[in-house]
Amino acid sequence: MTAALAAPSPVGGAKTRINDFSIQVATVNGSGSQTANTVLLRAIFQMGVFVSGKNLFPSNIAGLPTWFTIRASAKGYVARKASNEMLILMNPETAKEDIAKADPGALVIYDEPLQLDKLRSDLAYTPVPFQKLVTASCPEPKLHKLVKNMIYVGVAARLLGIDMEEVKKAIAKQLKGKAKAIELNQTACVAGYDWAMENLEDQDHIKVVRDNKTQGLIIIDGNEACALGALFAGVTVVGWYPITPASSLVETFIEYAEEYRKDPKTGKSTVAIVQMEDELASAGVVLSAGWAGARSMTSTAGPGVSLMSEFIGLGYYVEAPGVFFNVARTGPSTGLPTRTQQSDVELCAKCSHGDTLHVNLYPGNMEECFQFAYDAFDLAERFQTPIFVVTDLDLGMQNWSSKPFAYPSKPYDRGKVLNQQQLAEVKDWGRYKDVDGDGIPYRTLPGTPGGKGAYLTRGSGHNAYAQYSEKPEDYLEVMDRLKRKYETAKSHVPGPVFRNQGSDKGVLAFGSSDPAVIEAQDILAEGGLKTDYLRLRALPFTAEVDAFVKEKKVVYVVEQNRDGQMANLFRETYPEHATKFKSVLHYDGHAIDAKSVVDQITAFEQK
Amino acid sequence: MTTTTSATPAPSAPTNKLGFTKQDYVGSKSTLCAGCGHDSITAQIINAAFESSLEGYRVTKYSGIGCSSKTPAYFINQGWGFNSVHGRMPSIATGASLANRTLINIGVSGDGDSMSIGMGQFVHAVRRNIPMIYIIEDNGVYGLTKGQFSATADKGSHLKSGAVNDFPSIDPCTLAIELGCGFVARSFSGNPKQLNAILKAAFAYQGTVVLDVISPCVTFNNHDASTRSYKHVKDHDFPLHDLGFIQYSEVEEVDIPAGETEIVTFPDGSKVSIKAIHEGYEPTDRFGAMKAIHESMAKGEFLTGLLYINPTQPPLPEVLNLVDEPLATLGEDLLKPSPAELDKIMQALM
Ligand SMILES: Cc1ncc(C[n+]2csc(CCOP(=O)(O)OP(=O)(O)O)c2C)c(N)n1
Ligand code: SF4
Ligand SMILES: [Mg+2]
């Protein structure tokens with residue numbers, strides 16, 4: 001069979017897009033397509049080309065539609081791109097809709113019986129007899145469903161010009177050591193490739209050409225990067241409760257802990273990991289373990305943070321350390337649990353009842369996921385308070401390429417903890433006394449011998465000596481000191497990162513929006529609009545953030561939620577500049593793309 | 001608050017094996033209502049801790065919210081305490097006991113704190129066998145919020161206001177046995193001798209002890225129509241046995257009477273002697289214990305004493321195979337993988 005490939009399509013004749021395209025693969029979840037898609041992504045990566053992948057999956061175990069997009073970019077843009085140059089349509093349920101949404105000129109690989117080629121005339125179709133190929137290449141009918149996806153990898157590899165050796169290597173990498181599975185998948189993949197070689201004309205619409213951009217880079221997701229940060233930070237107590245998209249953070253940690261957290265002398269574990277009955281209990285474990293001197297953490301998403309919020313207020317007021325990873329998803333309530341959003345900004349900034357202010361870290365890439373996870377434990381112990389590391393599904397569960405992580409050689413900061421000797425020397429110790437003027441008191445740990453330093457931690461009113469008190473002046477002393485402590489944090493949290501083009505117009509974003517904003521900034525500059533970009537990396541806002549806000553005429557606050565939550569925090573913090581902040585929003589559950597940012601900023605500029 | 005307690009006894013006061021007097025085990029002054037059962041429990045915790053020669057600095061006290069949950073402030077000031085949020089004492093005890101497995105953990109909760117808002121945490125803490133004495137100071141009401149029914153109130157019992165409880169009560173003891181707890185006891189704040197013996201045995205036990213102490217609320221639930229008034233409980237208290245506790249260090253010296261006395265030995269060598277009063281009650285027989293408790297409840301009695309004992313189950317830190325020293329004080333050398341290990345991890349991701 002010969003397909004109508006490279007036939008003049010509406011974009012036919014246009015310049016070949018080398019290492020600069022997006023592929024969307026539509027499959028059914030639970031069909032093993034994740035492996036195939038990752039192999040395709042890896043193979044492009046191994047060709048030395050910048051590549052990013054986004055899995056758009058349903059909240060379901062098997063049988064519902066899933067889309068995976070792979071973007072190759074010579075310039076290194078890794079944000080989601082809304083338009084796709086190649087579609088691979090394997091799901092009969094969505095194929096017609098996928099065709100209807102396709103960008104003109106797209107190459108469409110599809111399962112032959114679907115007969116999609118009559119639907120539109122402006123697409124280039126490649127029907128593939130998947131069933132025939134899978135039957136011929138795989139002797140075990142049971143495995144046909146799983147192996148079928150590897151055929152499209154082979155077909156795509158041929159059309160894109162990916163070296164088959166790289167594909168084979170990617171399969172071996174992906175299926176780590178499972179010899180039989182590797183062989184089976186490689187065979188299927190080669191079958192697809194050979195079939196395409198024989199039956200399809202080549203195309204020059206999109207191509208992968210070997211480059212050297214990815215040499216020495218790793219591929220990782222943010223949850224694994226955070227898990228590694230926690231591993232190196234020496235976390236010793238983990239209390240958690242499963243929730244998408246946060247589960248794999250702890251699950252990956254458990255795998256690493258098996259290997260790296262055993263006492264070499266005894267084989268016993270140096271970390272306690274307990275799957276609790278809910279998030280309330282997880283928060284209790286984290287804070288009490290921190291209170292007792294352990295480095296403790298949990299990983300959750302918005303609904304879990306809501307449940308933890310009473311405890312987090314307690315942690316703030318009694319000054320108990322703990323690290324809370326919030327891998328945010330699309331809320332409210334169950335919302336779209338497998339889609340991404342940055343909609344817990346205000347929740348984490350002020351989590352709980354009463355007056356509370358929390359230190360938040362917003363990693364924007366894989367190296368920061370690792371480093372900030374590591375730093376969060378220092379900050380928790382230094383400031384004796386719950387610390388949020390806020391990522392989202394896009395950072396947490398998608399594949400990102402990254403430089404390998406630098407070894408965190410900075411020694412642990414265990415904060416102001418008095419041991420037996422120090423306690424013996426201190427004259428007038430008070431648990432909540434501000435001795436150094438930085439708002440941070442000295443604490444003691446349960447079990448310290450010597451007869452000094454014991455106290456009762458309580459969520460009710462207390463004075464500087466941790467005694468019960470309802471006196472207004474005692475209450476104010478504690479609350480105002482907590483505010484001072486938060487001020488002190490400004491000089492300890494990571495400051496912003498700038499990408500300046502020399503402009504009085506500011507763009508401000510954080511976390512997973514970074515790649516889209518970088519790309520948008522370049523597109524806007526090409527169109528004549530220069531901007532200065534500040535990527536926020538933490539709460540509280542540091543002096544550099546103050547300066548940026550004061551300096552700029554306008555600040556476009558880019559974020560992935562409906563209500564402009566970060567812009568709200570800015571308006572509240574800088575009321576005299578409130579009118580400067582303009583919200584650029586993206587909140588449909590898909591990761592933000594550059595075009596959305598460009599379009600909205602352009603619209604503001606034209607007003 | 002600086003505690004300067006040390007082993008320097010007043011001239012006449014008796015001292016324990018560590019040289020401490022009873023005064024060294026007290027806490028701040030109670031602010032509960034005069035006559036509150038909770039204060040009698042506090043007094044026995046102090047006595048038992050003194051008599052068991054606990055190292056005060058290792059004692060860690062946890063509570064939720066309620067009149068009962070205030071009491072950790074009233075005993076063993078040498079130890080640390082964490083008065084947390086309503087119903088969440090068990091998770092606080094879980095985290096701290098994992099952070100430092102050398103602590104002696106005492107959790108104090110109320111019937112409201114544990115059997116309603118905190119039911120989930122109660123159930124799971126017991127299931128995990130965290131190393132702690134879990135005391136429920138059980139008055140059938142919410143004392144601190146002024147006398148509403150709790151879930152342990154007997155069906156048909158009356159509030160002072162005349163309101164009647166329409167719902168069946170939850171019994172923490174049978175529930176704990178069902179959940180696999182290896183040390184389940186009930187006592188009465190008006191029976192100091194029995195409570196003292198149970199507490200001393202509890203201090204020697206490794207895993208979760210569930211101790212339900214009927215503790216009348218004199219302000220809101222001590223009237224004639226209450227099944228948790230002093231008078232009612234005194235009349236219906238049915239002690240199962242005379243309990244004795246022999247610490248491992250004394251085992252050699254103490255003569256254990258033969259005959260009807262049953263001896264249960266703990267892993268550390270301590271022994272509990274149980275001399276039956278209630279005929280045919282076998283505290284090591286899980287199903288028999290359940291049956292006897294249910295039968296007595298049906299008769300409106302409170303069976304008190306050591307209801308069930310099985311000292312062999314490993315506590316959580318053992319199940320998790322944790323290192324012997326406190327996780328809290330492990331050094332960076334043991335916790336942080338080396339540069340070569342990071343490199344190996346990075347290589348695998350390339
Ligand atoms: C989240 C929350 N809800 C409600 C309360 C109010 N509250 C305080 S104590 C209490 C009941 C305590 O009853 P119990 O545990 O039986 O203690 P008691 O006072 O009887 O000893 C309630 C409902 C609270 N503190 N926190
Ligand atoms: S209200 Fe009841 S439970 Fe609370 S202190 Fe008074 S007597 Fe005790
Ligand atoms: Mg009560």
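**Interface, ligand sites and backbone features**

Across the interface of chain B and chain A, 24 residue pairs are found in polar contact, both residues of each pair being at pLDDT 80 or more. On the chain B side, at least two residues each are supplied by β1 (59–63), β2 (80–83), α3 (89–99), α5 (119–128), α11 (332–335) and α12 (339–349) of chain B. Of the elements on this side, α12(B) gives the most, with 9 residues. By residue class, the side of chain B that touches chain A comprises 30 nonpolar, 22 polar and 7 charged residues. The model is predicted, and the values reported here are computed from it.

In total, 78 residues from chain A and 59 residues from chain B take part in the contact. The size of an interface is often given as the accessible area lost when the parts come together. For chain B and chain A this buried area is about 5700 Å², and carbon and sulfur atoms give 65% of it. Salt bridges between chain B and chain A number 3. In a salt bridge between the two chains, the side chain of B:Lys344 meets that of A:Glu259, with an N to O distance of 2.7 Å.

The two chains are also joined through strand pairing. Strand β17 of chain A, formed by residues 456–458, pairs with β2(B) in the parallel sense, and the pairing extends over 3 bridges. Within this arrangement, A:Leu456 has B:Gly81 of β2(B) as its bridge partner.

Two ligand sites were examined. Ligand 1 is located between chains A and B. There are 18 residues around ligand 1, and those that come nearest are B:Cys67, B:Ser68, B:Asp111, B:Gly112 and B:Asp113. Backbone atoms of chain B approach oxygen atoms of this ligand at several positions. A polar backbone atom of B:Gly112 is 2.8 Å from an oxygen atom of ligand 1, and a polar backbone atom of B:Gly143 is likewise 2.8 Å from an oxygen atom of the ligand. For B:Val141, a backbone N or O atom lies 2.9 Å from an oxygen atom of ligand 1.

The surroundings of ligand 2 are made up of B:Leu32, B:Cys33, B:Cys36, B:His38, B:Cys67, B:Asn139, B:Cys217, B:Val218, B:Thr219 and B:Phe220. This shell divides into 7 nonpolar and 3 polar residues, with no charged residue. B:Cys67 is listed around ligand 2 and is also one of the residues that come nearest to ligand 1.

Over all chains, the structure contains 54 salt bridges. One pair within chain A is A:Lys54 and A:Asp394, whose closest N and O atoms are 2.9 Å apart. This pair links distant parts of the chain, as A:Lys54 belongs to strand β3 (residues 51–56) and A:Asp394 to helix α13 (residues 393–397), 340 residues apart.

Chain A also shows several backbone features in loops. The peptide bond joining A:Gly331 and A:Pro332 is cis, with omega about 0°; A:Pro332 is in the loop between β13 (322–328) and α11 (345–349). A cis peptide bond with omega about 0° also joins A:Leu539 and A:Pro540, and A:Pro540 is placed in the loop between β21 (538–539) and α17 (543–551). A:Ser352, a residue other than glycine, has a positive phi near 110°, and lies in the loop between α11 and β14 (359–361) of chain A.

Definitions and conventions
Residues numbered from 1 in each chain as written. Chains lettered and ligands numbered in written order. Predicted model: local features only at pLDDT ≥ 70, side-chain atom pairs only at ≥ 80, totals over all residues. Heavy atoms only, no water. Contact = heavy atoms within 4.5 Å. Buried area = accessible area lost by both parts, 1.4 Å probe. Salt bridge = Lys/Arg side-chain N within 4 Å of Asp/Glu carboxyl O. Polar contact = N/O pair within 3.5 Å; in protein donor to acceptor, adjacent residues only side chain to side chain. Helix = DSSP H or I, 4+ residues; strand = E, 2+ residues; numbered from the N terminus. Nonpolar A, V, L, I, M, F, W, Y, C, P; charged D, E, K, R; others polar. Pairing = 2+ DSSP bridges. Near = heavy atom within 4 Å.
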